[in-house]
Amino acid sequence: MIRKFLPHPWLTLLLVVVWQMLVNTLTLGNLVLGLILGLTIPILTAPYWPNRPRLRSLPRIVEYIVIVLWDIIVANVQVAGVILFKRNADTRPAWIDIPLKLHTPEAITVLAGTITMTPGTISSDLSADGHTLLVHCLHAPDPDAVRAQIKSRYERRLMEIFE
Amino acid sequence: MIVDILISAFLVISGIFGLVGSVGLIKLPHPMMRLHAPTKATTLGVGGALIASLLYFYFVAGRFSYHELMITLFLFLTAPITGNFIAKVHIHRHETRDSLPSTGSERPWATFESDEDRIRAEGHEL
């Protein structure tokens, strides 16, 4: 019974919170409108998410977000250095293939998004069987090091969160 | 006073990274390399302006504004997708199976696989 009206409780909560943040003022009317949206949208979109990933632990998700934000700042400075102080002849762009241990589509999406948002690397394509990620690096004199860093820093943590 | 300095500092940081991103667009020689420049502008460039705005509304205007957090959320959801689209267009137009690293399996990168090949490999329609 509850499943029928609340097929996705976390999505409902997220929608209510996002709606409050969008209108920026907490009033009863907005809360009711947010609740209506939060209850109807999951029911209407239920057919589009048949397999839901289970998220293992909240502390690890927070840890992951903090690490990614920190890496974004560090990598921004590094890439700014490459753009401003390295001659084009000295930069070593490279394609890197990353064999994935992750199999959940949602986890691979998060990993690909993380790689793109940290400057200096852009996830460009996935192999047709979904087991390898193609990443372009702005400056990678040592492609193996970049691959090892992505696997140990991001993929390992996502394994713990999603699988 | 301290708040003013902090807000100004974040605005200057944001401006610097926005500028560096634009310089990268002009300077870098290759389409895939130029794609790296805007990802930088959207992270620290926009991020700095958002933090400055957050601080301004909290300390100067006296209320907390959630819109900056929403903008951050939507940027993190959309920026990787546009980056991926542009990269895919580049792969379609300028790369071949041999110019990219191997996938490590018999099937190619998803951009190169035709619908017929995919159905043959997976044995069913999508």
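1. How many helices and how many strands does chain B have? Chain B has 5 helices and 0 strands, the elements running α-α-α-α-α from the N terminus on; helices (H or I, at least four residues) and strands (E, at least two) are DSSP runs, numbered from the N terminus.

2. On the basis of the note, this is a predicted model, in which local features need pLDDT of at least 70 and side-chain atom pairs count only at pLDDT 80 or more, while totals for chains, interfaces and linings use all residues. Residues are numbered from 1 along each chain as its sequence is written, chains are lettered from A and ligands numbered from 1 in the order in which they are written, and side-chain values use heavy atoms, with hydrogens and water left out.

3. The domain assignment of chain B gives domain 1 (2-94) and domain 2 (97-126), with bounds that come from an automatic or database domain assignment. Taken over C-alpha atoms, the centres of domain 1 of chain B and domain 2 of chain B are separated by 34 Å.

4. The radius of gyration of chain B is 21 Å, whereas a compact globule of 126 residues would have one near 14 Å; the radius is taken over C-alpha atoms, and the globule rule is 2.2 Å times the number of residues to the power 0.38. Along the principal axes, the C-alpha atoms of chain B fill a box of roughly 65 × 35 × 20 Å.

5. In chain B, 33% of the 126 residues count as buried, where buried means under 20% relative accessible area, exposed over 50%, and partly exposed in between (1.4 Å probe, protein chains only). Of the contacts in chain B with a separation of 6 or more, 42% are accounted for by residues 24 or more positions apart, a contact being heavy atoms within 4.5 Å.

6. Within chain B, Gly47(B) lies in helix H3 (residues 36-60) and counts as partly exposed, at 21% relative accessibility. Gly47(B) and Phe10(B) are 37 residues apart in sequence, yet their C-alpha atoms are 8.8 Å apart in space.

7. Turning to chain A, there are 6 helices and 3 strands, and the pattern read along the sequence is α-α-α-α-β-α-β-β-α.

8. Buried residues make up 42% of the 163 residues in chain A. Among the contacts in chain A between residues at least 6 apart in sequence, 69% join residues at least 24 apart.

9. Where in chain A is Pro141(A) found? Pro141(A) is in the loop between strand E3 (132-137) and helix H6 (143-162), and Pro141(A) is exposed, with a relative accessible area of 63%. Lys4(A) lies 137 residues from Pro141(A) along the chain, and the C-alpha atoms of the two are separated by 54 Å.

10. As to surface, chain A exposes about 9100 Å², of which carbon and sulfur atoms supply 70%, and chain B exposes about 7600 Å², of which carbon and sulfur atoms supply 68%; accessible areas come from the Shrake-Rupley method with a 1.4 Å probe, and for residues only the protein chains shown count as cover.
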